[in-house]
Amino acid sequence: PPLKKFVDPLPRPMTAISDPSVYPGADYYEVTMRQSSWRFHRDLKPSPVWGYWATNPHDPHRPIGMGYLGPTFDVTMDHPTVVKWRNELPTTHMFQKVIDMIRDKAPVVAPIPPPPYKYVPQFPDDINVWNVVHQHGGYTAPQSDGLPEQSYSPKGFHAEGYTTLDPSRVKPNEAIYGYTNHDHSCMLWYHDHAMGMSALNVYAGLAGLYLIRDPADERLGLPRGEFEVPLILQDRTFHEDGSLAYTMTDREGEDTPVVNGKAYPYLDVEPRRYRLRILNASNERFWRLRFDVDPRDAILEPPLPFWLIGTDGGFRAPLHMLDFLISPAERYDLIVDFSRVRPHTKVTLTNYPGTQVHFPGIPGCGPEIADIMQFRVTKQLSGGGDRTTPPEKLKLHSVAPIEPKPQTRRREWVVYQHQLYRTMTFNAVPYMEPSQDFIEEGSTEIWEYINPNHDAHPMHVHLVNFQVLNRQPIDAARYQTDYEKWISGGRKPKEHPVLANYFTGPPVPPDPDEALSYKDTVKAPAQMVTRIIIEEFVPPTDDIASIPNSGAELPATYIHHCHLLEHEDDDLMRPWTIVGPDG
Ligand code: C2O
């Protein structure tokens, strides 16, 4: 039977507590990855899940976490964080059956790249559990970035790129990473990034929030405390016994929306403004979201309007909206005013198909999940009323446009799906091939994601924030054919398809919700080139809290990838390198 909706209260992830005494000048945390159990819904039995637990410096017997997902970091801009990430997961994967199935089918689905590249498996066959944590969107040195090749197992097996700060303080199943927090006031997140395993590991629960605050935010008059609500959106399926089923291979039940770990939760709210900080932490699903109200309960015509005040990398000029499309890893920071409906109204956060003219080929945007969660305006207005600033009066800096210059370098990334092996890569080069993209420190570049296939992909670049420049439709079929030809012809530089020969229309400006915003993830629709502009490739070179070797050195290699996690594991990911002036 379908799950009863809106019977579980929305959980709120707990906040991790730091110990400032370990590394003077930094906040220190210890976080352990563990398997435990979690009930996704009142009527489901508890499921095994993976999650992060933060050590409680005040009481070692009461670690901070809920089992599924992880505690929230709530940190101050520019004050660094040091985290010891400990791997105490079981040595057999929660989705071992899925892994065995994929391995059985290896000749078809394993990432065999097209010639001339040879794929070298990086991990011994008998290790199915290895992990590494990436702080998504952060300004972080490579040794703390949590790249796939930095993975390590519960038993202390290290991938060849394993790194840790302060090695004398770690056991083999641990790594210490440092985060500069030289970011804008924003909501980052952290999640598993293990080589070839991110999709299964994140699905099992390895994700959490990382809030960076600017003390000056206090003066903005934003809703805070219980009126600032993070929403981690995911879709999950369940076996009949209530345990998690891996959607791609293993589904028994319906696709179910899960917010902060609960299926179809509800939240009782006061008739006042709330700040909702939304993360799409789904493996593959895009959501088109709006706040539905029964017309009889609405004071204005539904759906309930809201204001967008920030995106992935920080605040932006407030934008009045009715709905938006959020792809995996994107964040939307909203002000919703629940005094704009009648008392006792139920406001439903809904995913609806909407128009897909701009974004053909979006997986999971369709009707199979409609209702997500409910806000019930049942509480009395407390504290003598709502004293927050009306969104239209908020003093948020608008983001200055990065202007391309004629000499700005363009870099092409072709989403290439091998016809035979179905493996996805950028530019038909597998992830494990060493970096071929060298970017001079401090330079500005335009990256062009050329997507000739039928799906939209969310593209994520580590380290930097960028702006969306525009998109342009291309003759995808012809581009794909010519690109294939170029590969089978031995990739002669002179024969590389020239993008300008494939345009079928003029460039389209970014949508209002992504224009003039700090982005780290961008939707790259099917049969289009999506252009982003990245200003100043500069890695953080200062040491964190005097820990030796914690700052970046040149050359500094980072990655970018599709944030459909199955695509990331399937090689739609490449390194790139920041180099000094002499290469
Ligand atoms: Cu959200 Cu490379 O990751």
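In this predicted model, the C-alpha centres of domain 2 and domain 3 are separated by 29 Å. The contact between the two involves 29 residues of domain 2 and 26 residues of domain 3, contact meaning heavy atoms within 4.5 Å. The chain as a whole is divided into domain 1 (8-214), domain 2 (225-393) and domain 3 (409-579), with bounds that come from an automatic or database domain assignment. Residues are numbered from 1 along each chain as its sequence is written, and side-chain values use heavy atoms, with hydrogens and water left out. The model being predicted, local features need pLDDT of at least 70 and side-chain atom pairs count only at pLDDT 80 or more, whereas totals for chains, interfaces and linings use all residues.

About 2,100 Å² is buried between domain 2 and domain 3, and carbon and sulfur atoms give 51% of this area. Buried area is the accessible area (1.4 Å probe) that two parts lose on being put together, summed over both. Four salt bridges are found across the interface of domain 2 and domain 3; a salt bridge is a side-chain nitrogen of Lys or Arg within 4 Å of a carboxyl oxygen of Asp or Glu. The interface of domain 2 and domain 3 also has 18 residue pairs in polar contact, both residues at pLDDT 80 or more. A polar contact is a pair of N or O atoms within 3.5 Å; within protein, one must be able to donate a hydrogen and the other to accept it, and residues adjacent in sequence count only if both atoms are side-chain atoms. On the side of domain 2 that touches domain 3, at least two residues each are supplied by strand S17 (306-311), strand S18 (314-321), strand S19 (324-326) and strand S20 (331-337). S18 gives the most to this side, with five residues. Helices (H or I, at least four residues) and strands (E, at least two) are DSSP runs, numbered from the N terminus.

Side chains of opposite charge can pair when their charged atoms come close. Asp520 and Arg331 meet through their side chains in a salt bridge, at 2.8 Å from N to O. A salt bridge also joins Asp312 to Lys519, with the closest N and O atoms 3.2 Å apart. Asp312 lies in the loop between S17 and S18, and Lys519 in the loop between helix H5 (476-488) and strand S29 (521-524), so the pair ties together parts that are 207 residues apart in sequence. Asp312 and Lys519 are both buried, buried meaning under 20% relative accessible area, exposed over 50% and partly exposed in between (1.4 Å probe, protein chains only).

The search of the whole structure finds 35 salt bridges. In one of them, Glu228 pairs with Arg275, the closest N and O atoms being 3.6 Å apart. This pair links distant parts of the chain, with Glu228 in strand S10 (residues 228-238) and Arg275 in strand S15 (residues 273-280), 47 residues apart. Glu228 is buried at a relative accessible area of 8%, and Arg275 is buried at 4%. Glu228 and Arg275 belong to a network of salt bridges that also links Asp74, Arg213, Arg277 and Asp333. Asp475 and Arg478 form a salt bridge with their closest N and O atoms 3.2 Å apart. Asp475 counts as partly exposed, at 27% relative accessibility, and Arg478 counts as partly exposed, at 38%.

In soluble globular proteins, nonpolar side chains tend to be buried together. The largest nonpolar core here has 80 residues, and those with the most contacts inside it are Tyr23, Phe40, Phe73 and Trp85. Another core lies apart from it and has 35 residues, among them Val259, Trp287, Leu289 and Phe324. A nonpolar core is a set of buried Ala, Val, Leu, Ile, Met, Phe, Trp, Tyr and Cys residues joined through side-chain atoms within 4.5 Å. Beyond its neighbours within four places in sequence, Tyr23 is in contact with residues including Val82, Asp166, Arg169 and Ile547.

Two further residues were examined individually. Tyr190 lies in strand S8 (residues 186-192) and is buried, with a relative accessible area of 1%. A polar atom of the Tyr190 side chain lies 2.6 Å from the backbone oxygen of Pro71. Thr408 is placed in the loop between strand S22 (371-376) and strand S23 (409-417) and is buried, with a relative accessible area of 14%. The side chain of Thr408 has a polar atom 2.7 Å from the backbone nitrogen of Lys405. Not counting residues up to four places away in sequence, Thr408 touches Thr444, Glu445 and Ile446.
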